[in-house]
Amino acid sequence: MLQIVLTLIIYLIIVIPVGIYMYHIAAGKHTFADPVFNRVDGVIYKVCGVDPNKKMNWKQYALALLGTNAVMIAVGYLILRIQSIAFFNPNGIENMEPTLAFNTIISFMTNTNLQHYSGESGLSYLSQMLVIIFMMFVSAATGYAACVAFIRGLAGRTKDNVGNFFVDLVRITTRILIPFSIVGGLLLVWQGVPQNFSSNTIVETLEGAKQAIAQGPVAALEIIKHLGTNGGGFLGANSSTPIENPTIISNIIELFSMMLLPGACVITFGKMIRSSKKEREKAESGSTALQVEKRGVVSRIFGREGRTIFLAMGILFIIGLGVCFWAETQGNPALEEVGLSQSMGSMEGKEVRFGIAQSALFTTTTTSFTTGTVNNMHDTLTPLGGMIPLLHMMLNVVFGGKGVGLMNMIMYAILAVFICGLMIGRTPEYLGKKIEGREMKLTALCIIIHPFLILAFSAIAVAVPAGVEGITNPGFHGLSQVLYEYASSAANNGSGFEGLADNTAFWNITAGLAMFFGRYLSIVIQLAIAGSLMRKRFVSESVGTLKTGTISFAVILVFVVYIFAALTFFPALALGPIAEHLTLWG
């Protein structure tokens, strides 16, 4: 418990300066690194023919995002299909099969990184670098760029300008992802993670057998997969192997890497909303003097709106972490019946160098921040312990990854103010704008898409022979595996329960479609909501205005999220992990 508490305290300390730095980048303010990065960005703009001064409305921004991603999908698919060429391919890896290549390129372009292959045997070093690592940078930058544009729309400083997608993509990559990855990658190399272009090393084991030890640019992939909340892994066993995650220090580095930027996005949101409000109030009063606001330290750092969102996300995270940690410490009663002690809790599928505490923290973090990397096998978690990562991917708002988690939580905030507005008989307002029919329809559509993808594809999988053939575990656990596969795909998480025979045409195509629609439909709808709100006039607060920057609204938000989850997912969860738990402990 002390390990978990100390880890979270250190996280809160380091996320604040990163959030402030990200705010300066998103708002176009001066940073200490501008003299260097302005020149780098200028070269990129010139080579790519980008006009950094061109502004975009939400439709232009969305089209630029979709078009850029489509081109990279086409190029990446081609590389996977011809990766057998003798170029950065010392291990002689063959070309990837068409449906698997489709699933892989969609997976990494949508920031999901679901892997229906083992990285050490399925990809050449050329594919690892030009497709996997490259996509980890641009897919993460795409998500954060969409989030920044969405925040600009909510801040409403202009009527039709959410920024320039290409500028946001470049600035986030050069000023955040690349420098942070260099520092983090060197720290991982220090801890023993390989970074080379050598072929696999063949060694003789103590039993006299031959074993291949993977080599390659592991550290470069490892840091950006966490920092960009990408997930996946150089190796099939992911961060549970000592090659990707050799020590407790490397485990902490990877934990902080995947938690850092999603939390910083919330700080960026709060500070941009607060800055816009101050400028508006100053313009309305006609005063040039800055008014001193009496606010607490937390409100000054996060902004009141950011504080509320961060608190709601934090409550959801702590509840999930607590349940997962408790469930794993209870052990497995079936093993006790055959005389195996469970005093240490359930250690099945876990590394002894991490134990239950760090395994439960990593499990909850990777599915809350939608990273998808694992340092233990989620398939071996206890039923309730495994339900938490499944539930958090179904919610897709517990911080989330690449900025999209914040955007999803704002959807629930809009829903919450609408429900509260109905209760008191007033037109709902959020961030000084009236929430009317258009915004509510788009919000409802955005929220419904996610569970529809999960439940519809799961229903198809258990109803058709091609899907049933891939289920290798009978009963309740088999259903949990199917739900997990599509929840991970739709939430763009990428982790798996494993146990599924998922490298088939059916699973490759259906999971690929879930990833594609789960990513792009939500982003386009959220940008449309931001575009609609930014054209509206600000309304003055009154006695009946619902305060959305308070602790009480954070609690309301948590209840709205859980009620929606209960109404939507409880029947499926009752037939999967809950039924398995009752059977095991009954």
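Mentor: Buried means under 20% relative accessible area, exposed means over 50%, and partly exposed lies in between, with a 1.4 Å probe and protein chains only. This is a predicted model, in which local features need pLDDT of at least 70 and side-chain atom pairs count only at pLDDT 80 or more, while totals for chains, interfaces and linings use all residues. Residues are numbered from 1 along each chain as its sequence is written, and side-chain values use heavy atoms, with hydrogens and water left out.

Trainee: Is Glu328 buried or exposed, and what is its relative accessible area?

Mentor: Glu328 belongs to helix H11; helices (H or I, at least four residues) and strands (E, at least two) are DSSP runs, numbered from the N terminus. Glu328 falls under the 20% limit and is therefore buried, with a relative accessible area of 1%.

Trainee: Which residues is Glu328 in contact with, leaving aside its neighbours within four places in sequence?

Mentor: Contact means heavy atoms within 4.5 Å. With neighbours within four places in sequence left aside, the residues in contact with Glu328 are Gly345, Ser346, Lys350, Ile356, Leu381, Thr382 and Gly385.

Trainee: With which residue do the side chains of Glu328 meet in a salt bridge?

Mentor: A salt bridge is a side-chain nitrogen of Lys or Arg within 4 Å of a carboxyl oxygen of Asp or Glu. For Glu328 the N to O distance is 2.7 Å, and the partner is Lys350.

Trainee: Where does Lys350 lie, and how many residues apart are the two?

Mentor: The pair links distant parts of the chain, with Glu328 in helix H11 (residues 304-329). Lys350 is buried as well, at a relative accessible area of 8%. Lys350 lies in the loop between helix H12 (333-337) and helix H13 (355-368), and the separation is 22 residues.

Trainee: How many salt bridges are there by this rule?

Mentor: The rule is the 4 Å limit between nitrogen and oxygen. By this rule the count is eleven.

Trainee: How many residues apart are Arg175 and Asp41?

Mentor: The side chains of Arg175 and Asp41 form a salt bridge at 2.8 Å, N to O. Arg175 is in helix H7 (residues 165-190) and Asp41 in helix H2 (residues 34-48), so placed that the pair links distant parts of the chain, and the separation is 134 residues.

Trainee: Are Arg175 and Asp41 buried or exposed, and which residues are linked in a network of salt bridges?

Mentor: Both Arg175 and Asp41 are buried. The residues linked in the network of salt bridges are Asp34, Asp41 and Arg175.

Trainee: Where is Asn238 found, and what is its phi?

Mentor: Asn238 is found in the loop between helix H8 (218-227) and helix H9 (248-285). Asn238 is buried, with a relative accessible area of 5%. Its phi is positive in a residue other than glycine, near 65°.

Trainee: What is the phi of Asn396?

Mentor: Asn396 lies in the loop between helix H14 (383-395) and helix H15 (404-424). Asn396 is buried, with a relative accessible area of 12%. Although Asn396 is not a glycine, its phi is positive, at about 60°.

Trainee: What are the centre-to-centre distance and the angle between the planes for Phe165 and Phe166?

Mentor: Rings of Phe, Tyr and Trp (its six-membered ring) pair if their centres lie within 6.5 Å; planes under 30 degrees apart count as stacked, over 60 as edge-to-face and the rest as tilted. The structure holds 18 aromatic pairs. Phe165 and Phe166 form an edge-to-face pair, with values of 5.6 Å and 70°.

Trainee: Which residues form one aromatic cluster?

Mentor: Aromatic pairing was defined above by the 6.5 Å limit between ring centres. The cluster is formed by Tyr11, Phe302, Phe310, Phe317, Phe369 and Phe399.

Trainee: How many helices and strands are there in the protein, and what is the radius of gyration?

Mentor: The protein has 20 helices and four strands. The radius of gyration is taken over C-alpha atoms, and the globule rule is 2.2 Å times the number of residues to the power 0.38. That rule gives 25 Å for 586 residues, so the protein is as compact as a globular protein of that length, its own radius of gyration being 24 Å.
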